[in-house]
Amino acid sequence: MSLFENQLNSKLFSCLTIDVEDWFHILDSPAAPSIERWSSLESRIERNLEMLLEVLDSLSVKATFFWLGWLAERHKDLVRKCQKAGHEIASHGYSHVLVYEVGEKLFRQDIIRSKAILEDIIGEAVIGFRSAGFGITQETPWALNAIMESGFLYDSSIFPASHGHGGILNSPFKPFFVETQSGYLLEVPLSAIDIFGWRTSFFGGGHLRAANKLMIKWGIDKLQASGRPLVVYIHPREIDPDHPRLPLNLLRRFKCYVNLKSTLPKLKWLCEHYSFYTMLGMIENYIRSFYLERKTIPIVHLQSSHAASEPSPTLSEQTSVASSEASRSRHLAVDKAVANFLSPGILRSHRSSQYKAQG
Ligand SMILES: [Zn+2]
């Protein structure tokens, strides 16, 4: 099917994403083990990921796997198996740290390390990133700059609704370019809908597990009617209802463990009823549709730096340009960013050779 022969078709804007981490990679709880203890804990990633790969293969679905670098360096064959099966390999950072807790320097080190490890394993560029816990907030716009400077071309960390670890309540629902100091980073926010002014999601993690199929279908209809992408996300532990439990508080126990048995049936149901792409595949469909309709992807400007003395606002829609010269150079830069996603050859050569994998 040639996309150029079709009008904007929201059914092409669905992607399945897997945040590859183990059952003990729970954020922000005193009950969660520190990284020094991870190696001593039972690993269930191999079993769960093999099962996921089998399910996706049987349904002919390709997904994007946002790998945690710490796990990837211990399961290199499994990373390659995902790649061989036609899935996209992207980064979920190295040690599952929250952006707003570690600060800019450690965040940069963490994501550069994960990118280098993954690229050494698969021998190809890794251009997609998702932060732990969707932890990019209004207070940490510098993270988007760091992601771009580390060699990623797209980010999928912004949750445009309230979220336990992050969430930007006034962020656009649809993909947009972020104007960073080193170029235009494409942001693909997680899917959310607005119900009488209340933003929520039914499309991943605990949200997907807590919602029933009717609610999920209603939400997807709403997304598609407004031309917004459907970004589904799950974790391998969520298809493993028997995984060990951490002694979390009541609220976190609910969020982490509610309806675990429903994840796999819901995933199969979604794959049978919707056409999923990798995130990169979905981005390509999305950008081509804009190109066809002669529309432009919105640009959001990073207004302030991370300096504590500079208060918010931090992200704001670009409404005016200083001069026609500035306007021309901005258009050229955006065109270049768009072209990146339409030219796989350019993507493959984007590998950041200046960084070497550690450990
Ligand atoms: Zn995670």
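This is a predicted model: local features need pLDDT of at least 70, side-chain atom pairs count only at pLDDT 80 or more; totals for chains, interfaces and linings use all residues.
Reader: Let's start with strand β1, residues 14–20. Is it buried or exposed?

Author: Mostly covered. Seven of the seven residues in β1 are buried.

Reader: OK, and which residues point which way from β1?

Author: S14, L16, I18 and V20 point one way, while C15, T17 and D19 point the other way. Residues on both sides are buried, D19 included.

Reader: Which sense does β1 pair in with β10, parallel or antiparallel?

Author: Parallel. β1 and β10, which covers residues 230–234, are joined over five bridges. One thing to look for there: T17 has Y233 in β10 as its bridge partner.

Reader: And how many bridges join β1 to β2?

Author: Four, and β1 and β2 (residues 64–67) run parallel. In that pairing, I18 stands opposite F65 of β2.

Reader: Switching to helices. At what angle do α4 and α5 pack?

Author: About 70 degrees, with the axes 9 Å apart. Helix α4 spans residues 76–84 and helix α5 spans residues 99–122. An angle from 65 to 115 degrees counts as roughly perpendicular, so that is how α4 and α5 sit relative to each other.

Reader: Is the crossing of α4 and α5 left-handed or right-handed?

Author: Right-handed.

Reader: Which residues meet there, in α4 and in α5?

Author: From α4, K76, V79, R80 and Q83; they meet L118, I121 and I122 in α5.

Reader: How do the residues of that contact divide into nonpolar, polar and charged?

Author: Four are nonpolar, one is polar and two are charged in the contact of α4 with α5.

Key
Residues are numbered from 1 along each chain as its sequence is written. Axes are lines fitted to C-alpha atoms, for helices over the stretch in contact, and angles run from 0 to 180 degrees between N-to-C directions. Helices (H or I, at least four residues) and strands (E, at least two) are DSSP runs, numbered from the N terminus. Angles under 35 degrees count as roughly parallel, over 145 as roughly antiparallel, 65 to 115 as roughly perpendicular and the rest as oblique. A crossing is left-handed if the near helix is turned anticlockwise from the far one by less than a right angle, and right-handed if clockwise. Two residues are in contact if their C-beta atoms, placed from the backbone, lie within 7 Å. Ala, Val, Leu, Ile, Met, Phe, Trp, Tyr, Cys and Pro count as nonpolar, Asp, Glu, Lys and Arg as charged, and the others, Gly among them, as polar. A residue is buried if 20 or more other C-beta atoms lie within 10 Å of its own, exposed if 12 or fewer, and partly exposed in between; C-beta atoms are placed from the backbone. Two strands pair if DSSP finds at least two bridges between them.
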